[in-house]
Each structure stands twice: as C-alpha cells, then as structure tokens.
Amino acid sequence: MRIGSAKETYAADTALFDSTTQRAWTAIFAVALVAFPFVVDDYWLYLACLVAINVASTAGLNVLTGYTGLVSMGQAAFMGLGGYTVAILQIRFGSPMLLNLLAGGVVAMLAGLVVGLPSLRVKGLYLAIATIAAGVLAHFIFSHYTSLTGGTSGLTLPPAQIFGLELDDSFKLYWVIVPITALMLLGVANLFRTRIGRAFIAIRDRDISAEVLGIPLLPYKLLSFAISSFYAGVAGGMFAYFFRAVTPESFPLLMSIFFLASVIVGGMGSVLGSILGAVFMTLVPEVLKLIVGWLPLGDNAMLVLSPVRTIVFGLMIVLFLIFEPHGLAEVWRRVRRFFHLWPFKT
Amino acid sequence: MITKRTLCAAAVATLASLTLSTAALAQKAKAESKEDIVLGGSIPMTGVFAFAGIGVDQGIKDYLTILNEKGGIKGRKVRYVPEDTAYKVDQSMAAFKKITSQNKVNLYYGDSTGFARTVNPELERAQSMLMTGASFAKELSDEKKYPLQFMVGPNYSEMVGILLQYIAKTKPGAKIALVYSDTEFGRDPVDAARADAQRLGLSIATEIVTPPASVDVSAEVIKLRRADPDYTIFHGYVSAPIPEFINQAKALNLKTAFMGTFWSMDNSTVMRMGPNVDGFLGVMPYRYYYDTEGKAPMLERIRKMRPEYQSTAYTQGFLSAMLLTEAARRTLEAGNELNGKNMKVALSSIRDFDTGGLIGVPLSIKGNSIPIGRIYRADFKQQKMLPASDWINLQK
C-alpha cells in the first residue's frame, strides 16, 4: 500500500484508482494513447491495433481462467464465431460496425454458454479437452458450411464504415479498436468490484466452499463462460475488420494457446496481467526482430538469427514461469511497491 | 572501486552508444540508397514453412546479386528487404507494414494465401507495388480481385490440370483418385479437377480427405484399394502422409501410380520418402537444379554460385525476383512511373520470355498465373527427379 494513503471507507478500498498519483498516471497514459497515432508510423499503428485486439481477448479469457479457475482452449473458436458473424453481417446486410461487433459478441456468448455446460461436471484438463472439442467443431462448421462461411476460402470483408467514413487503414481503425478495448477492460475491472466477480473468485479458490456459501455454481460458471466468450467474440469481430478476411485457418488451436500463455505470462486473475501478457506475447517477437535488425551482422543475419529469436522467445516464457509464476503483473506491482515505499527498503 | 551501479551504468552507456551508432549507420545507408528499387519480402524463415522460406530467400538474394552486378535496372540497384514471418498472417502483415513504412517499396514477395488475401486491400490502396509469392491458390488467378498480384507458375488447379492432361495422353479413360488435405490448400483444386477429369474422359474413382500431415492412413489406403485407381493425385501436403500411403500401397500390391504437386515435389522431399517412392510422378513448373538438358545459362550460373543442391523453392524465389524486376525494368524503359498498375501492364506484356532455362519453354504472361509445367518421375537409384513428359502449356 502506498505510504500515506490509508483507506478510511469501504468505497475507497474498492475504488478502481486508489490515489491521485494513480489517477494522474492513468490520465497521462490516456493522453499518450490519443497522441500515439500522430507520432508513429503505420507499422507501430498496426501493432497497436493488434495488441488491442489481443488484449481484449486475453481479458476475456482471464475472466474465465484467471478469475473463475476454468481452463479454456476454445478462445480462438469463440473469436472465430465473432469474426464470422461480423463478416457475414457486414457482407450481406452492411449493418453498422458497432452493431455487428455486438452481434459477434452475442453469438460467441451463446456458443460459450453451450460449451460451458460441461464445466459443472468436469474441471482442469478435462474441461480443457472439452473446449478443444468445441474448437474442432467450430473449425468444421467454418470449413463446411460453405453457403454461409465461404468454406475453406473464407470471407473477405469490405472496410467498416462509421458515419460514412471508411475505416480502411490502421490509423482509422485505431480510433475504434483501442476505445472498445479500453471500455472492455473497464468492464472487467468493474466486474470484480461486484458480487458476481467476487463469486467467480470464490469458485476459483474452492468451488465446494463457494456453493456452501450460497453461490450456485452452474449459473455463475456459465456466466463466466458467457462473459469470456462475449469478449472473444467482440475481439474476433475487431480481428475481422482489422484483417478484412476470415478463414477457418485464421483461428487455429495455436491461437487459443497464445491467449492462455498471455494470461499466464501476464498474471492470472489480474486486469493489468491481461494487458501486460497480451503486450508481451504480441510485441516481444517484434522487438526481438528489431534488435536482430540493429545488429551489424550482414545479409545472412535473418537466416541465422530467426531460429535463435524463436528460441529466445520460448526461453523467456519458460523463465518467466520459473522465476515469476505470478506473471508480469506481479513484477509491475513490485516495481510500484518500490516507489510507493521509497525511500524505505521493500 | 567498481560497484554494481558503475557496471550497470557502463553497460547501459555502451548499449546506448552501440544502438545510436548502428541507427546512424542505418540512416546513412538509407540516405545513400535513396534511388534503390526496393523488393520487400514477408519470408517464413521459421515455422512450418521455413523449409521453403529459406530457399526462397536465397533465390531472391542470388538473382538480385546477379542483376545488381550488371548495374541493376536502368542504373538503379534493387535492394532486398526481408522480414521473418514464422508463416503467420499477422506477423506477415506486421512485416509488410514495417518494410513499407521504412522503405519506398515497389516489389513484394508474400508467403501465403492468407497473407495475399489480407494484404490485397493494402496493395490496392497504396497502388505502388506489384506482388507475387509462395501461394498458387486458384483464387489469386482472378485478375479483377487481385489486380496487383501474380504467381510464378500454374495455380493449383492448373497443376492438377497438367497432371490430368498427362494422364489422358498416357492412359486414356484412366481412373483417378484424389487425395487431399482438409485445408484451404488441399481443397483448392478439387472442383477444377472434377471438371477437367470429365472433360478429358477420365473418371474420378474416389476422393479421400485427410487431416494435413496425418500419420495413420490405414483406413484411407483400404478405401484406395477398393477404388483401384490407375493414378492417385496428392495435393495439400508437403510430405506426410504421402510416404505412408505409398508404403502401405506397396505392401498391398496396389498398381496405382502416385502423383504430387509443386510443394511436395522438391527433390530432397521426395527422396526422403524412401525407396518405395521410386516412380513417383508429379508436376513441376521449373527445371530442377541438376537438369542439364537444353540450354540453361541461368541454371549453370546458379550451379556456379552454389555448388550444392538448391531446392525448387529456391528456384521459385529466384524466378519471382526475375519476373518482378523484369516488370519494373519494362515499366522504366517505357518511361512510365514505377507503380503497381504500370508494372502489372508491363508484366502482362511479357511474350516468349527466356528465363535462362529455369522454365524449359519461353513464357508468355496472360493473367495472374503461368500455366506451364512438366511431369517428372522419381528415380530413387539416381536420387533424382527425371523428366517424364515434355513441357505442357495449358495456354495453348
């Protein structure tokens, strides 16, 4: 706890931002996000949008896995459902972007409710397998329901439009994707200030005890699945608008593993962890590429160093798991604690 | 006394100065090569397609070395700027954005169908680039949909079309089995194959769909035995499950002849399948590295530059660079601005072009694909793919 910021009320204790310093930093960060598109090139804008999409999906998975303790390997499939819903609505009806994204979220949410049904009976690895099965089923539907999904070739979308403005590049899409993600993060942060969020945590910590305390497991587990897959659906919709193409191969099982890794590396059961994890998993390969590019190693550097880069990335994840099992969020908290307690030693 | 803090400060200072000096050098090099024509590349140097990406990368580099040694294009050097993509569409797009943000790119090489599809709106918006790549998907042949892209060879449907034409000539009325992976890649030529087979009087005895790179194919081989086809065409695989099919078919004494398409036809890929692969047939749009028949000065040059065997992916990269730069050369020689549209027009003006023997016949470009190929047969004893037909041109 920050020195000199003793909480005097319950509301102050549950506040999202607990000090003026924190509010000031949040405001600075928000200003930086607004200024960002004006000072960087297309490459960094592209990465910013990609990171925002991944943050949204990781935040959803963190609700399910990090806060409720239910392992899911179906996040990519839910993203796929959202992506396809958005693509179909955009192509066939040309409906407004925000409505399509909402519809994408709702379709994924309904699928999440169905996939979540076994969660009352199975947990851990068994649930993971059940969600993998959902992914396989979704892939099958994407590939074979050709009249709706375009089969293995998938669907290509026209650019999204808002008030007649075509969102056909990263700069324009940034102004939609980043605010939506920020809103979604705010939603998750607030969720855990409510009874529902605390029920999720109780289920994660000991589901039998939670039930004894009067938390009905099935509705809450299903609700967690629904929220998580809604987030994935909206993220999938943004993915569809961002890449302007969805195919069955756009949402592989590996993508679900990517999000699970983001949750673990970032920090389970932490909003900040979702952000840091998704940023880490998306940007570290790119940053490693930049570092390799700076090294004066001649023409064949890419040939020699590409595999090394992949190994370093893998190694970083393993080292994180060994030395910081609570994820990047914990590292962040330690750094903050140092400044909070300064000049005293932590 | 040297403290930890001093050491850390020294390390940070060294790193900062190194970064600044390399950045300054990079800036200087960029300024010096202002007039260079840039060929960007989203190249899969890691991931599942790295086996091809490494070859493609070397092929592009070697052709540009030859070109630049001769003075480049109208005195302008061609600079190659590749980025690794790990064969992932999001990373390929990131590479594209990075390369195009930092360079004025006119020519581009992409690594997959997914990337070609995703980058297409960007190409149309920029209007400054001509692109080719590793994908031979039929969809990319659509000039209206992909006006600034082309492929260096026949599309997958045309590859199977070349195989069927060979079959119709060798054994009229033959029975065919199609074995393909349950992927976009695998399903790509299936509809066209059915139509072509009917047109050529061939019958499709069975169609078998497998997961990509599946291992256990016993049930599928039994299905193949029941259908008893004269030819079995594989598509949508690089290697597995082709060797497994061939070995089990051999054990069951099946008389069917096995065939493959471009990405399963590299010499080293085929020979790694083992002795039972002897007689394996397939379509190849380019001459193999070791082909010595006919006049092939470019192949000789490649053999001189690289005495060890180079894959067919290498040839694909080499030829991609050749055709991209040829389009740029024709555009500049006509006095036109170097943009995507002009370069595509210039590319389409190519008639009876000599590739230096990389393709055995002069090529003319009409549309987004070059439907020329030849059937090669595996000779396991010689460890080589040997020609089994003349060059087949579907344009004729």
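How many salt bridges does a search of the whole structure find over all chains? The search finds 32. The structure is a predicted model.

**Figure 1. The interface of chain A and chain B.** On one side, 32 residues of chain A take part, in contact with 32 residues of chain B. About 2800 Å² is buried between the two chains. Carbon and sulfur atoms give 60% of that area. Across this interface, 9 residue pairs are in polar contact. Three helices of chain A each supply at least two residues of the side that touches chain B: H3 (42-67), H13 (271-294) and H14 (301-323). H14(A) gives the largest share, 6 residues. By type, the residues on the chain A side divide into 13 nonpolar, 9 polar and 10 charged.

**Figure 2. Salt bridges between chain A and chain B.** The count between these chains is 2 salt bridges. In a salt bridge of 3.9 Å, N to O, the side chain of Asp169(A) meets that of Arg125(B). Side chains of opposite charge can pair when their charged atoms come close.

Figure 3. Arg199(B) and Asp196(B) form a salt bridge, with their closest N and O atoms 3.3 Å apart. Both residues belong to helix H7 (residues 190-199) of chain B. They are separated by about one helical turn, because they are 3 residues apart in that helix. Are the two partners buried or exposed? Arg199(B) is exposed, with a relative accessible area of 58%. Asp196(B) counts as buried, at 18% relative accessibility.

**Figure 4. Asp207(A) and its salt bridge with Lys123(A).** The side chains of Asp207(A) and Lys123(A) meet in a salt bridge of 3.0 Å, N to O. The pair links distant parts of the chain, 84 residues apart. Asp207(A) sits in helix H10 (residues 207-212) of chain A. Lys123(A) sits in the loop between helix H5 (97-116) and helix H6 (124-144) of chain A. Asp207(A) counts as buried, at 11% relative accessibility. Lys123(A) is partly exposed, with a relative accessible area of 47%.

**Figure 5. Asp207(A) and its salt bridge with Lys221(A).** Asp207(A) also meets the side chain of Lys221(A) in a salt bridge, at 3.9 Å, N to O. This pair too links distant parts of the chain, 14 residues apart. Lys221(A) is in helix H11 (residues 217-243) of chain A, and Asp207(A) is in helix H10 of chain A. Both Lys221(A) and Asp207(A) are buried.

**Figure 6. Ile180(A) and its contacts in chain A.** Ile180(A) lies in helix H8 (residues 170-191) of chain A. Its relative accessible area is 17%, so Ile180(A) is buried. Which residues does Ile180(A) contact, leaving aside its neighbours within four places in sequence? They are Leu98(A), Leu101(A), Val234(A) and Met238(A). Ile180(A) and Met238(A) are 58 residues apart in sequence, yet 9.3 Å apart in space, C-alpha to C-alpha.

**Figure 7. Strand E9 of chain B between its partners.** Strand E9 (residues 281-284) of chain B pairs with strand E8 (residues 257-260) in the parallel sense, over 2 bridges. In this pairing, Gly282(B) is the bridge partner of Gly260(B). E9(B) also pairs with strand E10 (residues 372-379) of chain B, in the antiparallel sense, over 4 bridges. Here Arg374(B) in E10(B) is the bridge partner of Met284(B). In a regular strand the side chains alternate between the two faces of the sheet. From E9(B), Leu281(B) and Val283(B) point one way, and Gly282(B) and Met284(B) the other. All four are buried.

**Figure 8. Thr232(B) in strand E7.** Thr232(B) is found in strand E7 (residues 231-235) of chain B. Thr232(B) counts as buried because its relative accessibility is 0%. A polar contact of 2.8 Å joins its side chain to that of Thr256(B). Leaving aside neighbours within four places in sequence, Thr232(B) is in contact with residues including Ala177(B), Val179(B) and Leu224(B). Ala257(B), Phe258(B) and Met259(B) are also among its contacts.

Methods: Residues numbered from 1 in each chain as written. Chains lettered and ligands numbered in written order. Predicted model: local features only at pLDDT ≥ 70, side-chain atom pairs only at ≥ 80, totals over all residues. Heavy atoms only, no water. Contact = heavy atoms within 4.5 Å. Buried area = accessible area lost by both parts, 1.4 Å probe. Salt bridge = Lys/Arg side-chain N within 4 Å of Asp/Glu carboxyl O. Polar contact = N/O pair within 3.5 Å; in protein donor to acceptor, adjacent residues only side chain to side chain. Nonpolar A, V, L, I, M, F, W, Y, C, P; charged D, E, K, R; others polar. Buried < 20%, exposed > 50% of the residue type's maximum accessible area, 1.4 Å probe, protein only. Pairing = 2+ DSSP bridges.
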